[in-house]
Amino acid sequence: MGYAQTVTPQKGLFFGLFSNYAEARVEHFRRGIYAKTVQSLEKLTDRQLEDIGIPRCDINRRAYESVYHKQPYNRHVQ
């Protein structure tokens with residue numbers, strides 16, 4: 001007859017610190033990508049933006065949706 005032991009993971013102090021750190025790093029990375037995307041799109045001419053189908057007034061929204069995986073645009077990101 002065999003015995004089985006189940007172990008439940010403990011979420012202690014270090015887990016919480018690491019998890020918060022990892023989330024902060026991801027958010028920092030995403031903000032950088034967002035800023036670079038907006039900056040790159042703003043450098044394009046109106047003609048170039050028209051060719052790729054992005055009106056100038058939609059640059060922030062499109063960049064946000066691209067970086068944050070189609071989540072609704074929040075103006076307070078920057």
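1. Just after helix H3, histidine 69 has a positive phi of about 55°. Helices (H or I, at least four residues) are DSSP runs, numbered from the N terminus, and strands (E) need at least two.

2. This is a predicted model: local features need pLDDT of at least 70, side-chain atom pairs count only at pLDDT 80 or more, and totals for chains, interfaces and linings use all residues. Residues are numbered from 1 along each chain as its sequence is written, and side-chain values use heavy atoms, without hydrogens and water.

3. Confidence comes as pLDDT, the predictor's own score for each residue, from 0 to 100. The chain mean is 81, with 69% of residues at 70 or more. Among the helices, H2 (residues 46-52) is highest at 94. H1 (residues 13-43) is lowest, at a mean of 87. Where pLDDT is low, the predicted coordinates should not be read in detail.

4. Of its 78 residues, 17% are buried (under 20% relative accessible area, 1.4 Å probe, protein chains only; exposed is over 50%, partly exposed in between). In H3 (residues 59-67), the buried residues are Ile59, Ala63, Tyr64, Glu65 and Val67.

5. The whole structure holds 2 aromatic pairs. The rings of tyrosine 34 and tyrosine 64 have centres 6.2 Å apart and planes at 80°, so they pair edge-to-face. This pair joins H1 to H3 across 30 residues. Tyrosine 64 also stacks with tyrosine 68, at 4.5 Å centre to centre and 25° between planes. Ring centres must lie within 6.5 Å; planes under 30 degrees apart are stacked, over 60 edge-to-face, the rest tilted. Tyr34, Tyr64 and Tyr68 form one cluster.

Terms used. Rings of Phe, Tyr and Trp (its six-membered ring) pair if their centres lie within 6.5 Å; planes under 30 degrees apart count as stacked, over 60 as edge-to-face and the rest as tilted.
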